[in-house]
Structure formats: C-alpha cells, structure tokens
Amino acid sequence: MNNPTPIIGLEVHVELTTKSKMFCGCPADHFGKDPNTQTCPVCLGLPGALPVPNQQAIEDTIKIGLALNCEINEVSHFDRKNYFYPDLAKGYQISQYDQPFCHDGFVTLDSGKKIRIERVHLEEDTGKLQHTVLGGEKVSLIDFNRSGVPLVEIVSHPDISSSAEAKEYLKKIHQIVKEIKVTTADLEKGQMRLEPTVNVKITDEKGGHFTPLVELKNINSFNFATLAIDYEISRLTTEFEKTGLEKEGGNKTTRGYDSVKKLTFPQRQKEEANDYRYFPEPDIPPLRISKSVVEKIRADLPQLPDVIIADLISAGVKPADAKILSKDAAALTILKANPDLDTGKLASFIVNKKVDISSNINEQYSKLTQVGETDTAKLSNFVDEVLTANPKVVEEYKKGKVGVLGFLIGQVMKLSQGKADPKTVSSLLLEKLSGSQ
Amino acid sequence: MNKQIHELSVVELLHGLEDKLFSVTDIVHHYLDRIARYNPELNIYLHVNEKAIDQAKAIDAEIKKDGLTKPLQGIPFAVKDNFLTVGLPTTASSKVLEDYYPQYESTVTKRLLAAGAIILGKTNMDAWAHGSSTETSQFGPTLNPWDLGRLPGGSSGGSAAAVAAQLAPVAIGSETAGSIRQPAAWCGVTGFKGSYGRVSRYGVIAMASSTDSPGPIAQNITDAALVTSVIAGQDQYDGTSSPKEVEQYHKLLNRKDLKGMKIGLVKGYLLPTMRTEVKTLIQNAAKKLESLGATVEEISLMDPKYAIGVYTVIQRSEVSSNLARFDGIRYGHGRENFGEEAKRRIMLGTYTLSAGYYDAYYKKAMAVRTKIVEEFENAFKTYDAIIGAVSPGPALKLGATKNEPMFGEMEDILVEPSSIAGLTSAGVPCGFVDDLPIGLQITGNQFEETKIMNIAKVYQDATDFVKFPEKYQK
C-alpha cells in the first residue's frame, strides 16, 4: 500500500458586510451586540412574515462570482432547505440549490494549478445557540441577531491535493473577497468559515481505493484548516489500513477540529443532500439578472491581485517582488507613474526598501543603478576585504559548502551600504573564489 | 331609511354616516349586540374585539371634526383568524397557536385600519386553512346560517357565515384554492379573489405560499370592490405582491350591460356527478349574461381532476415547509397540538418533497401547473371571462368531512384550476337548490379585476339572488 493521495474540496462561507440583513431591514452587523436586539418578524420567522431579498447582497454575490471567474446564471432563484434545528427560526433555511447566482469559476494557485469552483450561492445565516447555566440550571439560549445575515457559500471542486494547496486557495479567496470590499472577512468574528471535505485515494496492487468522505465543519483559521486536513489525511489512511472501508453513498461523516488537542472529533452523521427536501422558495419570485447588470458589476470590480501580479511579471518584475507589491497600492502607483524606468529594477528597489517612495524616485533610481553599474573597482576592493576578513568561511566554501556564498554577498553589500548590485557582487565573488583556488 | 343597520351594505352604511343617520358607535354597538346574541349558536367569532366601541367613539370624533375623509371610515369588519392582528389573538383555528398574540399587524388589516375600518373580531376557519368545511377548526365547527345542520364551507367559513348571518357587514377571508369563493357560495354571499400578488400576504399565516390570496366576502360585488381597492397593491414586505397600479374598482363599476363581452361556459365544469338543478342554475346564469348583451359560448378546458392533483401536491409540499416553524420551541404549545388534517398534510408534503419522489411529484406538478396556466392564457385570448359553478352542490351536512381526507379537493374541484393559475375570480349567488344558495364563479385573466367586477355587478343588478337567512334578520 502506498501513495496516499489526498482529495480535498472546500466550502467557504463568507458573511457579507451589507447594511441590512438578507431578507429584512435589520442591521447585518451582529458582532458583539446584545442578544436579540436586532430582530424583526422576518428574521425571527414569525407566522405570516415574508422574505424580501436584499439587492445589494445579490450584487455582492455576483461580484464574488465574477472575481472568481464564474459564469453568472441569467435566471436564478432561491430554494428552501428544510431541516429542524433550534437556531433555525422557520424550520428551513433560504438558500440556493439548482440555480445558484454563479457557477463554474476557478482560482489559480502560484504553481499555475487551477482549482475549479463549482458554484457561488447566497443564503441566510442562522441564529446562534448559547449553552450556559442560569440559576444553577443548564439552559440553551437562542440569539437571533445573526439570523438572516447574508452568507455567501463558495464551493470548490475536489481539485486540491494537499493542505498547503488548501491554505493557499483559502488565502486567495480571503484576499479577493476583501479586495472587492463585499466583506471584512474577519475569521475571528466568524465572518469567514472554512469547511474542507477530505478523503484519500490509496493505490495498491488491486488498484485505487477511495476512503469515505469527511466534512470538517466551521474552522475559523487557515492554520487550523491545514492542521485539520493533515490530521484527517493520516487518520483516514490509517483507518483504511485497518478496515479497508471505501467511500459509498451514506458513509460521509462530519467532524469538528479541536485546536487545543490538535485533533478532529466526530460530530453527526451527514444527512444526504436530498433529505433537505429542497424546493423553490415560493415567497420570492425567480430573479432575472440581465447581461448589462453583470457587465456593470464587472466593470466596477477593482483589479484583482492575481491580475496585478501577472501584469507586473510581464513588465519584468520578479514573481516574488510582484507578489509583495500587489498588496502595496502606493508602490503600484509609483511603478505606473515611472514608465521610463526599468520596472523590474525599480520594483526590486522598492521591495528591498532601497528607495523611499515618498521622495524623488528618479534621483534615487539613477543613484542606485549607477553604483551597481560603474563602480566595479570599488566593489572589487570590498570583495577582497570580505574574503580576507573571513578565511574560515572561504575554506568552508572550498570544501563544497556553497551556501555560504549568500553570507559573503551580504557582507559585501554591507560594506557598499546596500548600494551594490547583488548580481555583480556574486559574480565578482565567484570569480575571486575560483581564482584563489 | 326603513332598513336596520345590519341590513345595510358597506356603501349604504357610509351614506348613512355621511347623512348622520347613525353614528359609528351605533353601528358597532348594533353588531356587537348581534354577535352576543347569535354567536353562541353559530360559532363564527373566535375572538371579539373588546376595544371596538372605544375605537368607534374615536372615529366618531374624527368624523365630527373633519367629516368622512377615509374610504372605510367607521365600517366594522370581521377578519379570518389567520390574519395577524395586534391586540387580538391569532390562532388560525389551531391549538398550536392558542392564545397567540401577534407582534405585528398584517398588511391587509393595517390598510383597513388606516382606511378607518374597525375590527369586530376574528372568525373561525379550518385549522391552518386546511379544508373547505370549517369543520377541521380545533375550536369547533361554524354552522351554516341557512341550515344549522350544515357546514358553511371553508376555509373562510367563519367570514362567509358572518356576512350571511349579518354579524358583520363585510369580512376578510383568504383563498388558496376556493377558500373565499366556496364558503361564500355555500352561505349565499359574494366572495372576491384578486389575482395572486394583487393583495399582500404579509402577516397572513401561510398555507400554500404560491397561491394564497386574501380577499373580501361581502353582501354584494360593489362592497367587495370597495374593500379590494383598499387592501390591494404592492407591499414592500411581500416580494410576490405586484407593482401594478391599483384601480379604484368601486368607482369603475359603470357598465350598464355586457355588450361586446365574450364569455366562456366551461363544459367540463358541469360535472357528470353534479345535480341537475345546479347545472340548470349555471345554464340559467349563462342565459342571463347573454340577455345582458354578452356572447356566451361553451368551451373546453383541461379536466379539473388534473388541477386537483397539481394543487394537492404543491399545496401539501408548501404546507409541510410552512408549518415547520411551529416546532414546539417558540409558540408555547407543542407539536402534539396539530390536528389530524394538518398532520396528514405535513406527512404527504414531506413525502412529495423527499429524495427520489421530488421529480415524480413536485416537479411534475409544477410542469402541469405551467400547462394549466398556458391553457387559461389561451382561453383569455378569446374570452373576457369564463364561468362555471363554484362548487358541485350546495352546503353539505355537518360531519361530511369525516373519513374524507380529500373532501376539500372534491368540493373545490371547480375553483382549484383558477387558483393555481393565480387568476382573479368573483363568486356570486345564482339561485337556490333545496333552499340552499348556489354560487356562480366569474373568472378572469390575471389583473383583470375591474372587468370581472363589472360583469358580476351587471349580473347582480339584473338578478335577485342576494338573500339572507330569515332567522337572523331580526
């Protein structure tokens, strides 16, 4: 038995930061508010109350879909997902089933691998249960402030094959939804919740075997998601070695993650999707989203990090620098404002903080480039100085420990007060080291 | 004026108030006295508004100061107990909601109150509006004022009986499939159902969300038109309410005849099982309409039995979901309080939505629903209205629903197609069989309320079928 290959899909829930809730006028910002102070007949699910959809939330969902390269359904509708839980006021959650607003998108990882996105849909959040002790009695209280807050669910295909990829995917989603300003996506406030579904493909002489699926619920940190996935991969592999049990309809389980004990624990048996008795929400007419609305939303989207990075790289910026600069609006402006300078070099200077972007860029740039290009004699002296001062290191290098080169380069850079071009320094060093052999 | 207050229509009451023949307090007193006298035997009202007199006095003061300024100023009305009313219990005739006092007002009652009307009380109904008899009420059946051994129909049985027994000049009901027109027919009064989306459902305890339509039950179509013009119109709290502008229907009832109107008499609605006398009354009505200038032709529509199938599946499915919120956690009474009929519907609806059955039942029903809608759309390309009986026969005897789980559907077979298509329809008295009233339905295309009201008005003006049971005229 070898090659356990993890198969990971991710469901990400994002609370939208709209002014009002999904289907009523109550404020959507519920964090830290006194229990049940932001409720009305609609979000309490009182008899006779009807949901009226929040236009902004729908537009925000489409925004997310577009940012994740999704297609937008021209006709969409809400569905009822029926199940009983004390925090679910109506006995059903208004969600989307067969016609979500967005479908078939993707996120590209740095490796170039595409993680396909199955769907992006809009639903309402539930209330919150508080299990506590009142007057010596164990009680469960319900706070409906969160009930009806717009919640977007982003569902990926099971294209992810390691916890590291999962983390990168999650961080990209996080960055994107924040960038387009539809949510503050504060994980500690539960505004972004992560639910990986994991199983493992194990190949032996008889062929490939797929272990049962595990859904990991409500994880609120990227690191915990990584740890939980890794824990599950090894647990599922061990479990399969013991039982030989394979995935089949009905044996999907749900587990939680205990961040203190660093392990996952079983929650409930996952109900089959169709036991939710989904059917079209009769209280809300189907929605038609015209192409022009979609295009308007698309036009208003800010440039996304992936696109910025790609543009920078094609302008000659090193990928590592591009990634850092993509988050630095001021630096990006400077780069754009100086088309005459070598973008790659300027970017590198900015990243290595050799230039102060608040003062004259041209002046600093020419100074930096001049030193690197012309003053080879001076540099040569610095190199000699460093080699003489560090005979032990030179010896180590000669014994084959080539990693010390970085240290030597650093020393030369120090002497040049950071003005030297590391490439030139490196080649000078190599020349002299091989010459003195 | 020789008539007593309870014999006056809403329009006549407004004229009387204008002419200062009586005060609002006089009207409300008169009705409260009658309710005290007759309600114990009829079981129409579940709750009577104890503040009605105070409210009447306040409106008298308003009128004294500024005159009549609102469309229904000083008019008392009865309202079905599935409309949420602040300060009055709202139970939908189910023990699950016994003593439930709502936190907010339904849009319909809110609009009526804003128009100056006064709630007399809340009327009995089939529990959760499940039925066509008012016999499934968990607070006892309402009796038909024409014959105390008979059912008033339902689910708005209390509201229809209230108008028939003249315990309210007008009442509000709600129709999911026949629940206004059928009890109105059995009680010999006029019921009006607006198109789906014409009147807001906000604050009406949901039965089948995709067909629920509130509407008035009145002495005549003019009163029904007046009340509809007040309660209709878009509501920001109901996403399915139509933005179409509301007409002042009662002011547009100016047709003197039906010249140029083309009316279809649905052949298939004259059921083989129907009593000959009922068929004759419907054919007489057709002749009457013809004599008033309309062209009446027999038309064929899909066998109404298919509408029953469609309606049963969709309605049970929606019911099973709509009643889920009464899970025993919040409203003070546990799920064991659901009656037989509600339990039956919840189970059937849960089944039709379940894995593996959804396609065979719900999805198929929705597909046939589309067919029915298309068929009506086609018919209305040629016809201004279509007519037929409201119900296969007159009011049935108490106990008729026993062991008949499909009772409502069989009694509503002729009104279910128009309901699932969201059409507008009037139910008006068209004669008597065995001294029991029979109702004629005049059904029109979506949002053609004015046209249908006009046909009903011309018919009502030319006939003399609006009668009230003698016993309660004293």
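# A tour of chains A and B

Start at A:Asp104, which is partly exposed, with 15 other C-beta atoms within 10 Å. On this scale a residue is buried if 20 or more other C-beta atoms lie within 10 Å of its own, exposed if 12 or fewer, and partly exposed in between, with C-beta atoms placed from the backbone. The model is predicted: local features need pLDDT of at least 70, side-chain atom pairs count only at pLDDT 80 or more, and totals for chains, interfaces and linings use all residues. Residues are numbered from 1 along each chain as its sequence is written, while chains are lettered from A and ligands numbered from 1 in the order in which they are written.

**Backbone stops**

Keep A:Asp104 selected and display its backbone. Phi is near 55°, a positive value in a residue other than glycine. A:Asp104 belongs to strand 6 of chain A, residues 102–108. Helices (H or I, at least four residues) and strands (E, at least two) are DSSP runs, numbered from the N terminus.

Next, select B:Asn43, another non-glycine residue with a positive phi, about 55°. Look for B:Asn43 in the loop that runs between helix 2 (24–42) and strand 1 (45–48) of chain B. Is B:Asn43 buried or exposed? B:Asn43 is buried, having 20 other C-beta atoms within 10 Å.

Then select B:Gly154 and B:Ser155, which are joined by a cis peptide bond with omega about 10°. B:Ser155 sits in the loop between strand 3 (118–123) and helix 5 (157–164) of chain B.

**Chain A**

Select A:Gly65 in helix 1 of chain A, residues 55–67. This residue, A:Gly65, is buried, with 29 other C-beta atoms within 10 Å. Beyond its neighbours within four places in sequence, A:Gly65 has contacts with A:Cys70, A:Ile72, A:Phe101, A:Cys102, A:Gly105 and A:Val120. A contact requires C-beta atoms, placed from the backbone, within 7 Å.

Colour chain A by domain: domain 1 (2–298), domain 2 (303–372) and domain 3 (375–437). These bounds come from an automatic or database domain assignment. The C-alpha centres of domain 1 and domain 3 of chain A are 54 Å apart.

**Cores**

A nonpolar core is a set of buried Ala, Val, Leu, Ile, Met, Phe, Trp, Tyr and Cys residues joined through C-beta atoms within 7 Å. The largest has 146 residues, and B:Phe77, B:Val163, B:Ala168, B:Ala171 and B:Ile263 have the most contacts inside it. Helix 2 of chain B supplies the largest share of this core, eight residues. Selecting B:Ile263 and leaving out residues up to four places away in sequence, the partners include B:Leu289, B:Val296, B:Tyr383 and B:Ile387. A second, separate core of 70 residues includes A:Val12, A:Ile94, A:Val182 and A:Phe240.

**A helix pair**

Show helix 7 (residues 221–231) and helix 14 (residues 449–462) of chain B, whose axes come within 9 Å and cross at roughly 160°. Helix 7 of chain B is therefore roughly antiparallel to helix 14 of chain B. B:Ile221, B:Thr222, B:Ala225 and B:Thr228 of helix 7 meet B:Glu449, B:Met453, B:Ala456, B:Lys457 and B:Gln460 of helix 14.

**The interface**

Finish where the chains touch: 26 residues from chain A and 29 residues from chain B take part in the contact.

Note on methods
Contact = placed C-beta atoms within 7 Å. Axes fitted to C-alpha atoms, helices over the stretch in contact; angles between N-to-C directions. Parallel < 35°, antiparallel > 145°, perpendicular 65-115°, else oblique.
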